[in-house]
Amino acid sequence: MADAEQEPDLGLLIGRLGRALQDELFTRLAEQGHPDVRPRHGTVLAILPPTGARATELARRSGQHKQIVTVIVDELERLGYVRREADPKDRRAKLVVPTDDGLDEIGKARAILAGIEDRHRDDLGDDVFRTFKAALAHVTRSQRDWDATEPHTG
């Protein structure tokens with residue numbers, strides 16, 4: 001089989017899936033009153049609890065460096081989606097807390113993503129979709145641990 005005819009590799013498939021999901025999600029969010037939210041903002045908004053979290057916790061949960069999360073939080077604060085508040089457990093620390101607009105965006109994003117999943121579940125059937133999602137989660141976990149399982153070659 002010629003190179004141009006080969007099936008796309010895992011990286012290409014997942015990249016295409018991610019971009020297509022983001023395109024639909026952020027187009028629909030814009031239509032529903034959140035035109036300034038960008039895919040990078042999902043790094044924080046997708047994991048931000050209603051009661052807030054420290055930036056260090058958001059970095060850990062997202063797998064991003066704290067500096068990147070801080071830049072995203074700064075952007076979200078300027079856009080009015082989050083605010084920083086003193087952490088009641090440690091007044092020196094700050095919590096990133098969603099505003100009413102932030103909570104609205106988070107709720108709408110979750111509903112849009114649930115609709116996308118429902119559409120694919122309807123297309124594939126419940127069993128196949130559940131198996132696909134479980135396999136994708138497994139591959140994702142396995143890939144995240146690549147450097148702990150593979151010897152590095154120079």
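Where does Leu103 lie? Leu103 is part of helix α5, where helices are DSSP runs of H or I with at least four residues, strands are runs of E with at least two, and both are numbered from the N terminus. The model is predicted, so local features need pLDDT of at least 70 and side-chain atom pairs count only at pLDDT 80 or more, while totals for chains, interfaces and linings use all residues. Residues are numbered from 1 along each chain as its sequence is written, and side-chain values use heavy atoms, with hydrogens and water left out.

The protein as a whole comes next. The protein has seven helices and two strands, and along the sequence they follow the pattern α-α-α-α-β-β-α-α-α. Its C-alpha atoms fill a box of roughly 60 × 45 × 30 Å along the principal axes. Of the 154 residues, 25% are buried; buried means under 20% relative accessible area, exposed means over 50%, and partly exposed is in between (1.4 Å probe, protein chains only).

Now back to helix α5. Leu103 is partly exposed, with a relative accessible area of 37%. Leaving out residues up to four places away in sequence, Leu103 touches Pro50 and Pro98, contact being heavy atoms within 4.5 Å. Leu103 and Pro50 are 53 residues apart along the chain, yet their C-alpha atoms are separated by 7.1 Å. Across the protein, 52% of the contacts with a separation of 6 or more join residues 24 or more positions apart.

Helix α5, which covers residues 100-124, also holds Glu105. Is Glu105 buried or exposed? Glu105 is buried and has no salt bridge, a salt bridge being a side-chain nitrogen of Lys or Arg within 4 Å of a carboxyl oxygen of Asp or Glu. The nearest side chain of opposite charge belongs to Arg110, 8.0 Å away. Apart from neighbours within four places in sequence, Glu105 is in contact with Leu29, His34, Val37, Leu45 and Tyr81.

Leu10, Leu13, Ile14 and Val139 make a nonpolar patch of about 330 Å². Patches consist of residues with over 30% relative accessible area and no salt bridge; like charges are joined within 9 Å, and nonpolar side chains (Val, Leu, Ile, Met, Phe, Trp, Tyr) within 5 Å. Helix α1 (residues 10-31) gives the largest share of the patch, three residues. Val139 is found in helix α6 (residues 126-144) and is partly exposed, with a relative accessible area of 35%.

Key. Accessible areas come from the Shrake-Rupley method with a 1.4 Å probe; for residues, only the protein chains shown count as cover. Lys and Arg count as positive and Asp and Glu as negative; His and the chain ends are not counted.
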